[in-house]
2 protein chains.
Amino acid sequence: MSAPYSVHRRQMELILLAWGMPQQHAERTAEVLSWADLHGVESHGVSMLIEYDMRFRAGRLKMNADYKVVRETPVSILVDGDGGMGHVAYAMAVDAAIAKAKQSGIAVAAVRNSSHFGAVGYFTDLAARAGLIGMGATSAAGIRVAPTGGAEAKLGTDPWSFSAPSADEDPFLLDMATTTVAYGKIRNKMNESQPMPVGWGYDSQGQVSTDPLDVTRRGGFMSPLGGTLEGSSYKGYGLSMMVNILSSCLTGATLITDPQHTKKPKGFDIGHFFLAIDPKLFRGEGEFEADVAALCGALRGTKPAVEGEPVMVAGDPQWKMAEKRMRDGIPIGPGLRAKLLAVTEAASVEWLLDDGSNRAESAGPAPKTANQR
Amino acid sequence: MSAPYSVHRRQMELILLAWGMPQQHAERTAEVLSWADLHGVESHGVSMLIEYDMRFRAGRLKMNADYKVVRETPVSILVDGDGGMGHVAYAMAVDAAIAKAKQSGIAVAAVRNSSHFGAVGYFTDLAARAGLIGMGATSAAGIRVAPTGGAEAKLGTDPWSFSAPSADEDPFLLDMATTTVAYGKIRNKMNESQPMPVGWGYDSQGQVSTDPLDVTRRGGFMSPLGGTLEGSSYKGYGLSMMVNILSSCLTGATLITDPQHTKKPKGFDIGHFFLAIDPKLFRGEGEFEADVAALCGALRGTKPAVEGEPVMVAGDPQWKMAEKRMRDGIPIGPGLRAKLLAVTEAASVEWLLDDGSNRAESAGPAPKTANQR
């Protein structure tokens, strides 16, 4: 079953409103989460509502948070997320940084006392579509990754995102966990009783393992990008540290290595980082965008290793997916549907996502792109 | 054979002076190159003089370049390297960006029309020791890396560096190529007639290969970090694109995908990127540095996978090496010695690097750290 983008988004908005989010915040959060589903980043879309619902009920996620600008200069903004939804706090910081970068040429934003904010790619995409280079990162709540040479989890999936506007229709957009693969890929191997490729994970002693159960059930760990010592996993580990330094040390959020969260006993208190640079600091009108398009075009033109499978550039799979889903709707599998239905019923909200529903009309016209607001 | 740091540095300065570099530029370039050797980054130190010598003789590297500031704002600087040594052009940009970030909180520098600048870690280390977060990157002249899914080299080793000041004695310092390993590691496997680990390289058809000769002799390619499709090499590929976008598209240097260098037929015209952020934009005096030290300390305290081999943090191996070499001198192997001797003789410069030389005294007292100037 699949629903039109606008209905998918409206369903989330209704749930968030029922949870007590103010209208404007519910709209923006639904937009952030719908972007992920629309672009095929399903781990960070509507499926997150199940997790948010649990946190909300456990008193670990405020829906009526008082997001506050704590410090500000012409090139920077620091937002305190007040233990609320990270989407709103980060959007506040990112919107401000984009406006400041348009004025000053560059701006940096930091958010502390926050929580999960969805897919960072939504936010760096905003920067690129505003004509700016974007960098984004967040610290994580889950501790699952062992550093190179370690037999103990100390880090999270610690994502990094980079975007650049292009003379092409869509920007360059990299959005990557600094681990070798997502946890879901390891879980899928377990579910299929298949071995993991070398480098995906370690057993509880920190040794390379190909048994997914070592990671999922027996106290083992995910690996930093690079996978093994020989594969230079210290690079992925170093990038993960970079993400933590920018997202936690710079913002004042709780360090991931302080799992008791001594700073903020309640809530997650993760931190987010964002940076925007205006290429016009260095280039004339359109020159940067033309070069990005030329570079990406040259890479797409690489002789492919497999006939008929052209080389892609970061973002390409997402733009293709978004086009398809804007046309055909956003699918939801039966397992997720059952869980979301329960969340919807618990919130006493109408269920909009079944096929054949003509509620698309009642939710208003579908936007041309997910980025229109 | 090994020579004291100050002699090693002086030897390079003499050669650069003989090539026609002005005193101040020769001093700084020798400092940059000596930093690499002192910290164990031997691929980017004195060994580069052999390559520079060839380029210089071929008229592809100006020693009396007219480095120029092309554009400047309170938060940015653009330097034209005039086809000269990248060390000087980048140092000019980095020094200015550090001073600007101290004033404005953040600054970004770009260099175009430049060449090899040594180890980027020298420059991000400068930022960290000035109390700033540093990011650095450069485009490359050599095209050796195939993008994920490709059977054609389109990218270089495209290094990325990140540094952060710490309450510890030394900063956090990541300096990494965005490839899985350095080319030298693949060459070493060839020299030892050993197979490469899976993920280091591809054959000429873009297929994963464990035969180093496929890369070194038969038209194959180096791999982006991640190594294979299953190892998420698209992440290393994406990071490499980020480096090129920042170093070439943003600066106006020649794109690596334009190997005929249509913009600048002579010289290499590579570009460099640098960014500095003052943590005081967001944190109180010393708070950021204390958090970085706490984070790094927690990682160093990770239970090790191999008893007696403690987990390290990016920079740790380099600081340890610098301490040792500052004490024991900087070694040079017999092969490199012979080549350097030839360069020295061709430049009609005195040879200082043999053991038993007491020229350390004549070169002045050794600095306490490589970063003192």
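This is a predicted model: local features need pLDDT of at least 70, side-chain atom pairs count only at pLDDT 80 or more; totals for chains, interfaces and linings use all residues.
## The seven-stranded sheet of chain A

Chain A contains an open sheet of seven strands with mixed pairing, and the strand order is 2-3-4-11-5-6-7. Strand 2 and strand 7 of chain A are the edge strands, each pairing on one side only. From one strand to the next, the twist averages 10 degrees.

Within this sheet, strand 4 of chain A is joined to strand 11 (residues 270-277) of chain A by seven bridges, in the antiparallel sense. Ala107(A) has Ala276(A), in strand 11, as its bridge partner. Helix 4 (residues 86-104) of chain A packs on the sheet and touches strand 3, strand 4 and strand 11 of chain A. The direction of helix 4 makes about 165 degrees with that of strand 4 of chain A.

## The nonpolar core

The largest nonpolar core has 239 residues. Residues with the most contacts inside this core include Ala93(A), Ala97(A) and Ala276(A), along with Ala93(B), Ala97(B) and Ala276(B). Ala276(A) is also the bridge partner of Ala107(A).

What does Ala93(A) touch, not counting residues up to four places away in sequence? The residues are Ile77(A), Val79(A), Ala109(A), Val111(A), His272(A) and Phe274(A).

## Strand 7 in both chains

Is strand 7 of chain A enclosed or open? Five of its five residues are buried, so strand 7 of chain A is largely enclosed by the rest of the structure. A residue counts as buried when 20 or more other C-beta atoms lie within 10 Å of its own. Phe172(A), Leu174(A) and Met176(A) point one way from the strand, while Leu173(A) and Asp175(A) point the other way, and all are buried. Strand 6 and strand 7 of chain A run antiparallel and are joined by five bridges. One pair of bridge partners is Ser163(A) and Leu173(A).

In chain B, strand 7 (residues 172-176) is mostly covered, with five of its five residues buried. From this strand, Phe172(B), Leu174(B) and Met176(B) point one way, and Leu173(B) and Asp175(B) the other way. Strand 6 (residues 160-164) of chain B pairs with strand 7 of chain B over five bridges in the antiparallel sense. Here Ser163(B) has Leu173(B) as its bridge partner.

## The three-stranded sheet of chain A

Three strands of chain A form an open sheet in the order 9-8-10, with antiparallel pairing. Its edge strands are strand 9 (208-209) and strand 10 (221-222) of chain A, each of which pairs on one side only. Two bridges join strand 8 of chain A to strand 10 of chain A. The bridge partner of Tyr202(A) in strand 10 is Phe221(A).

## Where the chains meet

## Loop residues and a helix end

Val46(A) lies in the loop between helix 2 (23-38) and helix 3 (48-57) of chain A. Is Val46(A) buried or exposed? Val46(A) is buried, because 24 other C-beta atoms lie within 10 Å. Leaving out residues up to four places away in sequence, Val46(A) touches His8(A), Met12(A), Leu33(A), Asp37(A) and Leu340(A). The C-alpha atoms of Val46(A) and Ile332(A) are separated by 9.1 Å, although the residues are 286 apart along the chain.

Ser193(A), in the loop between helix 6 (183-191) and strand 8 (201-202) of chain A, has a positive phi near 50 degrees. Ser193(A) is exposed, with 8 other C-beta atoms within 10 Å. Asp82(B) has a positive phi near 55 degrees and sits in the loop between strand 3 (76-80) and helix 4 (86-104) of chain B. With 17 other C-beta atoms within 10 Å, Asp82(B) is partly exposed.

Helix 11 (residues 334-346) of chain B has 13 residues and, at 1.5 Å a residue, should span 18 Å. The end C-alpha atoms of helix 11 are 18 Å apart, which agrees. Just after this helix, Ser348(B) takes a positive phi of about 55 degrees.

Technical notes:
Residues are numbered from 1 along each chain as its sequence is written. Chains are lettered from A and ligands numbered from 1 in the order in which they are written. A nonpolar core is a set of buried Ala, Val, Leu, Ile, Met, Phe, Trp, Tyr and Cys residues joined through C-beta atoms within 7 Å. A residue is buried if 20 or more other C-beta atoms lie within 10 Å of its own, exposed if 12 or fewer, and partly exposed in between; C-beta atoms are placed from the backbone. Two residues are in contact if their C-beta atoms, placed from the backbone, lie within 7 Å. Helices (H or I, at least four residues) and strands (E, at least two) are DSSP runs, numbered from the N terminus. The expected span of a helix is 1.5 Å times one less than its number of residues. Two strands pair if DSSP finds at least two bridges between them. Axes are lines fitted to C-alpha atoms, for helices over the stretch in contact, and angles run from 0 to 180 degrees between N-to-C directions.
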